Amino acid sequence: MTVTTDTVEIETKHLSDVTIGVRTYRRHPTTTITTTENPSDIASTISHLSAGLETRSPERSFPTLRNHPPAVEVGEQLSIPSAIEGSTSPVTISHPYTYSNLYAVAPLAYYLDATLTEGDPAIHVDGHGTWELPPDTFSDRCAQLLKQCVLLDCLTRTEGLYPTILEERVQVDSTLDIDWKTIYSTSFANRTATYLDIEYTEIEDVVPTWHARGYVPPQGQSVEYLPHFLDQLTPIEAIEPEQVRGDDARRLALQRFRESNDVLMRSGSGQSTFDQQIPFVDIPTPPEREALWVGESIPFGANHLLAAGIQRYHEADQPDDSEITVTLVCNDSEMTEEIESAEDIYGARENVRLRVDAYRNLTTEQLAKRLTEPSDLFHFVGHASTSGLHCPDGVLSPATVDSVGTRAFFLNACSSYLPGRELIEAGAIGGVVTLSDVNEQSAQQVGVMTANLLSIGFSLRNALWIAREQSVVGSQYICVGMDSLWLTHPDGGGLYAVDLTESSVGWRIRGASYPSLHVGIGSMIGYPLDAEDRMSLVGGSFLRQEISDDVLKSFLEADESPVRYDGEWTWSDQLLETLWET
């Protein structure tokens, strides 16, 4: 059998009947559960969200065997569609029915196909025992057990349908004495009990870096975000951060970046984000790579998920292999360098058809027209304020645009948060905005780096994560809407970034891969440095030392990827020219 991205060819030596089985990989909700804000109804809802699991075998750690959970909406009474069957899992999780507990346990309950019951916090496996959960660290423990069970399933499945030399299993085998064949072939209940008996500290160093933690207000409406979090196996924590406004918010922002003086700023003459009435909140730094916030307040230190963007993603037609359209707008003649660089970047992608349309100094009417036209990315450079995007003849508020046609956007201007939020409400899915003033040089660094990363398949979230490191004001950039949105499909599947250093014994490469909607937690990635049959888990880090020049050249030629060399980010193809002048 020969498999490519477009075809599957099956050849037989003799004439015979061939039975082919297929199934639909559902990336969107196909039904909706309605719940009240009553904690017991929310518990019943969570107990039915695992309906998307195709199997309880270790293979459920593959994202392709975890269909999207049902959507959830808050209504006047609990209503679970008849198509969603109740769980028959031997696993139940008990805990006091508070919003904080319910949201924290939801991802773990989803992955274990568990039913929730009210009682002292513990996991119960029929016929195998009970494992207590600490009340004072309930959220963190649920997150740990989620990661632990997913990792151990990934290691166990190497003995099943898809034998693989998995780097993480090699590491675990050096410290743990585990009979993976026996675990694979045993019952779900026995396998789960075996996992729970292992101390997290024994496998902690091998757990991939999780993409994010979701922070939600401890209130009933937060239940509507659960399907989105569960689909990506995102740990959840309920918090009530202190709200700040005005000068207090400005001071909080300044703690996160160094102010720049006597340089060109991308601020407009109108109000800054700190002068409007929506409060700010400071989100904790999570153990995971990113923080996500779903409350109404504006977050520092987190991307802001907005329900309108998530819902629109599931309702919209998804991009295919046809032409990707990018609209570039520069509304300040002193800021053309970023647009010129971005135009070159977006136009240089060889394996994707990208149509790039660039405009300069658009009037409010012209800009409104461009926003209504269908496009995959709207990249704006210029000035902004709480009133909107600045034009030569005035200010355009995206709220006045009847229907925004772009899927994603990057508003690279000062205080562009509110215009970005209005773009989501008017029709966009996700985008990148700023919370405060940013100087021209720093904004250009972030803008060009983000453009590069989006063009090779990074999501908004992952692109911005790397691009933030380019600038001292990087923390003032956040995603709004659906931050896991992407512009193009990556050429080789998983995406990674590396740090490269040279020593007397050869090159040293340290890198990390980034989970995404298409290659999520539980997926595998092969690095061009390794043998073809050696794989690693997406989200993990890797280190290769004493690499020869020839091996490094092959690595840099294999994929177009971001590389940090001598403290500066560059690109694999550019680095080839720098090092060897090819």
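# Chatting through helices and rings

Student: Where do we start, and how many residues of helix α14 are buried?
Tutor: Helix α14 spans residues 460–467 and is mostly covered, with seven of its eight residues buried. Keep in mind that this is a predicted model.

Student: Okay, which residues of α14 are the buried ones?
Tutor: They are Leu460, Arg461, Asn462, Ala463, Leu464, Ile466 and Ala467.

Student: Switching to helix α9, what's buried there?
Tutor: In α9, which runs over residues 307–315, the buried residues are Gly309, Ile310 and Tyr313. They sit on the same side of α9, because they cover an arc of only 100 degrees around the axis.

Student: Why would residues a few places apart point the same way?
Tutor: An α-helix has 3.6 residues a turn, so residues three or four places apart point the same way.

Student: And what do the buried residues of α9 pack against?
Tutor: They pack against α7 (226–231), β16 (303–305) and α12 (417–426).

Student: New topic: aromatic pairs. How many are there?
Tutor: The count comes to twelve. One of them is Phe410 with Tyr477, which is edge-to-face, at 6.1 Å centre to centre and with 70 degrees between the planes.

Student: Which strands are Phe410 and Tyr477 in?
Tutor: Phe410 lies in strand β23 (residues 406–412) and Tyr477 in strand β25 (residues 477–481), so the pair ties together parts that are 67 residues apart in sequence.

Student: Are those two buried or exposed?
Tutor: Phe410 counts as buried at 1% relative accessibility, and Tyr477 counts as buried at 0%.

Student: What about Trp507 and Tyr565, how are their rings placed?
Tutor: Their centres are 6.1 Å apart and the planes are at 55 degrees, so that pair is tilted. Trp507 belongs to strand β27 (residues 506–514) and Tyr565 to strand β31 (residues 562–565), so the pair ties together parts 58 residues apart in sequence. Trp507 is buried, with a relative accessible area of 4%, and Tyr565 is buried too, at 17%.

Student: Which rings get linked into a cluster?
Tutor: Ring pairs link Tyr496, Tyr527, Phe542 and Phe555 into a cluster.

Student: And which arginines lie over a ring face?
Tutor: Arg157 lies over the face of Phe62, at 3.7 Å from the ring centre. Arg407 lies over the face of Trp486, at 5.9 Å from the ring centre.

Student: Last one: where's Pro63?
Tutor: Pro63 is in the loop between α1 (39–48) and β4 (71–74). This proline, Pro63, is buried, with a relative accessible area of 11%.

Terms used: Residues are numbered from 1 along each chain as its sequence is written. This is a predicted model: local features need pLDDT of at least 70, side-chain atom pairs count only at pLDDT 80 or more; totals for chains, interfaces and linings use all residues. Side-chain values use heavy atoms; hydrogens and water are left out. Buried means under 20% relative accessible area, exposed over 50%, partly exposed in between (1.4 Å probe, protein chains only). Helices (H or I, at least four residues) and strands (E, at least two) are DSSP runs, numbered from the N terminus. The arc is that of the directions from the helix axis to the C-beta atoms. Contact means heavy atoms within 4.5 Å. Rings of Phe, Tyr and Trp (its six-membered ring) pair if their centres lie within 6.5 Å; planes under 30 degrees apart count as stacked, over 60 as edge-to-face and the rest as tilted. A charge sits over a ring if NZ of Lys or CZ of Arg is within 6 Å of the ring centre and within 35 degrees of the ring normal.
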